[in-house]
Amino acid sequence: MENEKEITVKTKEWSNPTPAGLVALAVACFCFFAILNGFVETSAMPLIGCWLIGGFIVQAVVALVDLKNGNPVGGNTFLFFCAFFMLVGGMAMFLKYGGIVSGAPLDTRIDGYAWAALTLALLLWTPAFLKPFGLLSLIVLALDVALPFITLIDLHILPASFAFIPAYALLIAALIALYFSAALVVNTALGKKFYPVL
């Protein structure tokens, strides 16, 4: 009787897509930073919508790969971010701009109610991002500052003059996201810690 050799076939797993998702998040945060601070005019809204829809595509792929690889925290977070922060946010930019140009009334307070759900979800999910504490934790904490203010401004509970607070919180999230994405890509490519991370 011959000994049968056990043949194992290694299936190559997909690479970590998180860096691409973080870049998409940073692009969205930079766009919101500019519009919330009044650094660009409302005529930029359709272009922001295009950038957000591009981010939707990136984050949808990231979410699916993360979920396939057994990462429920990252996968689910990217999934709801790609749907609401990116796709709905992008389409809303087109609708709001169309309303401004045509003079059609839009009760944008409904955005505040939707943001309230997203804000509560992120706040309740935050403990999952705190252990181990690292750059991703800092990104989420910056978003935890930004989202409540966006919600309250959209609900017309706070005046638009408070928009600089979420704008700068989003800028902080964007800068950390870009650095973290670079660290993930470069450190992996070089096989060493070129960019230090927490």
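Which residues have the most contacts inside the largest nonpolar core? They are Leu25, Phe85, Ile139 and Leu143, and the core that holds them has 36 residues. A nonpolar core here is a set of buried Ala, Val, Leu, Ile, Met, Phe, Trp, Tyr and Cys residues joined through side-chain atoms within 4.5 Å.

Before I continue, a word on the basis of this talk. The model is predicted, so local features need pLDDT of at least 70 and side-chain atom pairs count only at pLDDT 80 or more, while totals for chains, interfaces and linings use all residues. Residues are numbered from 1 along each chain as its sequence is written, and side-chain values use heavy atoms, with hydrogens and water left out.

Helices are DSSP runs of H or I with at least four residues, numbered from the N terminus. As for isoleucine 139, its contacts (heavy atoms within 4.5 Å), leaving aside neighbours within four places in sequence, are Leu22, Leu25, Ala173, Ile176, Ala177 and Phe180.

I turn now to the helix pairs. Helix 3 covers residues 72–102 and helix 4 covers residues 109–125; their axes are 12 Å apart, and the packing angle is about 160°. Axes are lines fitted to C-alpha atoms, for helices over the stretch in contact, and angles run from 0 to 180 degrees between N-to-C directions. Helix 3 and helix 4 are therefore roughly antiparallel, a term for angles over 145 degrees. Helix 3 passes helix 4 in a left-handed crossing, meaning that the near helix is turned anticlockwise from the far one by less than a right angle. On the helix 3 side, the residues that meet helix 4 include Phe80, Phe81, Phe84 and Phe85; on the helix 4 side, Trp115 and Trp125 are among them. By class, this contact of helix 3 with helix 4 has nine nonpolar, two polar and two charged residues. Ala, Val, Leu, Ile, Met, Phe, Trp, Tyr, Cys and Pro count as nonpolar, Asp, Glu, Lys and Arg as charged, and the others, Gly among them, as polar.

How do helix 4 and helix 5 cross, and within what distance do their axes come? The axes come within 8 Å and cross at roughly 155°. That makes helix 4 roughly antiparallel to helix 5. The crossing of helix 4 and helix 5 is left-handed. Among the residues that meet are Trp115 and Leu122 in helix 4, and Leu143 and Leu147 in helix 5. The contact of helix 4 with helix 5 has ten nonpolar, three polar and four charged residues.

The loop between helix 4 and helix 5 holds proline 132, which a cis peptide bond joins to lysine 131, with omega about 0°.

Glycine 90, in helix 3, is buried (under 20% relative accessible area), at 0%. Beyond its sequence neighbours within four places, glycine 90 is in contact with Gly49, Leu52 and Ile53. Histidine 156, in the loop between helix 5 and helix 6, counts as exposed (over 50%) at 53%, and its phi is near 65°, a positive value in a residue other than glycine. Tyrosine 168, in helix 6, is partly exposed (in between those limits, with a 1.4 Å probe and protein chains only) at 40%. Not counting residues up to four places away in sequence, tyrosine 168 touches Phe33, Asn37 and Phe39.

How values were computed: Helices (H or I, at least four residues) and strands (E, at least two) are DSSP runs, numbered from the N terminus. Angles under 35 degrees count as roughly parallel, over 145 as roughly antiparallel, 65 to 115 as roughly perpendicular and the rest as oblique.
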